[in-house]
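Please look through the sequence and the model below before reading my comments. They are meant for someone new to reading structures.

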Number of protein chains: 2
Amino acid sequence: MRPKIYLFGDSITEGSFSNGGWGASLAHHFARMADVVLRGYIGYNTRWALKVIHKVFPAAGDAPLAVTVFFGANDAALPDRDSGFQHVPLDEYKHNLLAIVAYFKKQWPSTRIILITPPPVDDNARLLYPFVEKPLGLPDRTNEAACQYAKQCLDVAAECGLPAIHLCEKMQQLPDWKSLLSDGLHLSQKGNKFVFEEVINLLAKEQISLETLPADFPLISEIDPNDPLKSFAN
Amino acid sequence: MRPKIYLFGDSITEGSFSNGGWGASLAHHFARMADVVLRGYIGYNTRWALKVIHKVFPAAGDAPLAVTVFFGANDAALPDRDSGFQHVPLDEYKHNLLAIVAYFKKQWPSTRIILITPPPVDDNARLLYPFVEKPLGLPDRTNEAACQYAKQCLDVAAECGLPAIHLCEKMQQLPDWKSLLSDGLHLSQKGNKFVFEEVINLLAKEQISLETLPADFPLISEIDPNDPLKSFAN
């Protein structure tokens, strides 16, 4: 009976319930109103996401209020570096995102689909925090590539008439944007807070907020101390 | 298709997805295996919980892997103090807990029902962090009362043959147990970590762990960098 908000994405989604994570913060924010359901897959790109989407979101499921689609950080891994097996070419990324959106639109016509671009990349930090050894001495991801994929994600949102969070651009508007990242790629606590705020602001514009959603069952503030059970009569 | 773990309780449950909360930590722990679903109700006692349980967990719902039942902190509010409207007498508390357990057992015979006792209370801190003014200069809750309710919760677990976490006792085994509380009643970050660890340890004893649950869809560590799509063939 509680409506759901799905979070579909890669490691930046899968890790979003860690300490201070944006997903956990959303769940806390909507604690009495909506279930925030984690569907994050570390390392996944849009190509792999499309291989599992039918199983992750089977046709029988109820339509959620919203779903965030947050891929691109792995698609943008450079093809000739040590995370190259995660790379997806830019035009295929766009095509795959369109297919993900089409899947959700067909399945859940009333659900708000929210695209989130990959965050920027701190090239130097990627050398300090590599996933594996870097024999070439070059980063696996670059900000230049991340920004290209982010731009493509925005184009998909515009083509589909969907709201989007241009995380790559918005984060870089802060002078100390690199502090929003923990390893040049994933979100720091500060970055998680940034994403949380962007998501609740966008949800509010889509009429999904503490003001519009009903809370389930009487809040303590609504319970009459002199006759508590009156609140539970219905 | 993902199994669920429900968290049913009062504010110590409703707040469990805040920064470093035990619920969010559980969701992070089981990120690819189970959905941790929040059903916490600030201020609720077992009397009020029984008024809503049929709506919170309707008969049509799938059986979860486990449900935590974590009430007592409000039942144990002293009747003649300023949170007295939340008080439930000790024998009714026991009766109500038995009814909650009976409801879950009938609904979901295979689900692990896990009772968690209320935590201890730091009487002095309750005076420093009152919910409302304290004209009497006396705390709304005391450790003596909390321990009585915790004991009753343990008795219910024993009578029903259920696993339980004697949080009240376990926390007080630490010399600095008061640091596990933020306001003499609710959990600090350290207290949240304590509860998280108790819960995953108990779940593991009940065969619910990272070792026993299947992860949905290939983990990045299982994907062959030379032929990633092979992992998605089935």
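The numbered points below go from the whole chain to single residues.

1. Basis of the note. This is a predicted model, in which local features need pLDDT of at least 70 and side-chain atom pairs count only at pLDDT 80 or more, while totals for chains, interfaces and linings use all residues. Residues are numbered from 1 along each chain as its sequence is written, chains are lettered from A and ligands numbered from 1 in the order in which they are written, and side-chain values use heavy atoms, with hydrogens and water left out.

2. Overall size of chain A. The C-alpha trace spans about 70 × 35 × 30 Å along its principal axes.

3. Surface and interior. Chain A has an accessible surface of about 9,700 Å², and carbon and sulfur atoms make up 54% of that surface (Shrake-Rupley method with a 1.4 Å probe; for residues, only the protein chains shown count as cover). Of its 234 residues, 57% count as buried (buried is under 20% relative accessible area, exposed over 50%, partly exposed in between, with a 1.4 Å probe and protein chains only).

4. Order of elements. Chain A contains eight helices and five strands (DSSP runs numbered from the N terminus: helices are H or I with at least four residues, strands are E with at least two). Read from the N terminus, the order is β-α-α-β-α-β-α-β-α-α-β-α-α. Among contacts in chain A with a separation of 6 or more, 77% come from residues 24 or more positions apart (a contact means heavy atoms within 4.5 Å).

5. The sheet. In chain A, five strands make an open sheet with parallel pairing, in the order 2-1-3-4-5 (two strands pair if DSSP finds at least two bridges between them). Strand 2 (35-40) and strand 5 of chain A each have a single partner strand, so one side of each lacks a neighbour in the sheet. Two bridges link strand 4 and strand 5 of chain A in the parallel sense, and Leu115(A) has Ala164(A) of strand 5 as its bridge partner. In chain B, six bridges join strand 1 (residues 4-9) to strand 2 in parallel, and Ile5(B) stands opposite Val36(B).

6. Helix 6 of chain A. How far does this helix of 18 residues reach from its first C-alpha to its last? Helix 6 (residues 143-160) reaches 26 Å, close to the 26 Å expected at 1.5 Å a residue (1.5 Å times one less than its number of residues). Its buried residues include Ala146(A), Tyr149(A), Cys153(A) and Val156(A). An α-helix has 3.6 residues a turn, so residues three or four places apart point the same way. The buried residues of helix 6 pack against several elements of chain A, among them helix 4 (90-107) and strand 4 (112-116). After helix 6 comes Gly161(A), with a positive phi near 65 degrees.

7. Ser25(A). This residue lies in helix 2 (residues 22-29) of chain A. Ser25(A) counts as partly exposed because its relative accessibility is 21%. Leaving out residues up to four places away in sequence, Ser25(A) touches Gly20(A), Phe196(A) and Phe17(B). Ser25(A) and Asn192(A) are 167 residues apart in sequence, yet their C-alpha atoms are 8.7 Å apart.

8. The two copies. The same surface serves both, as 98% of the contact residues of chain A recur in chain B.
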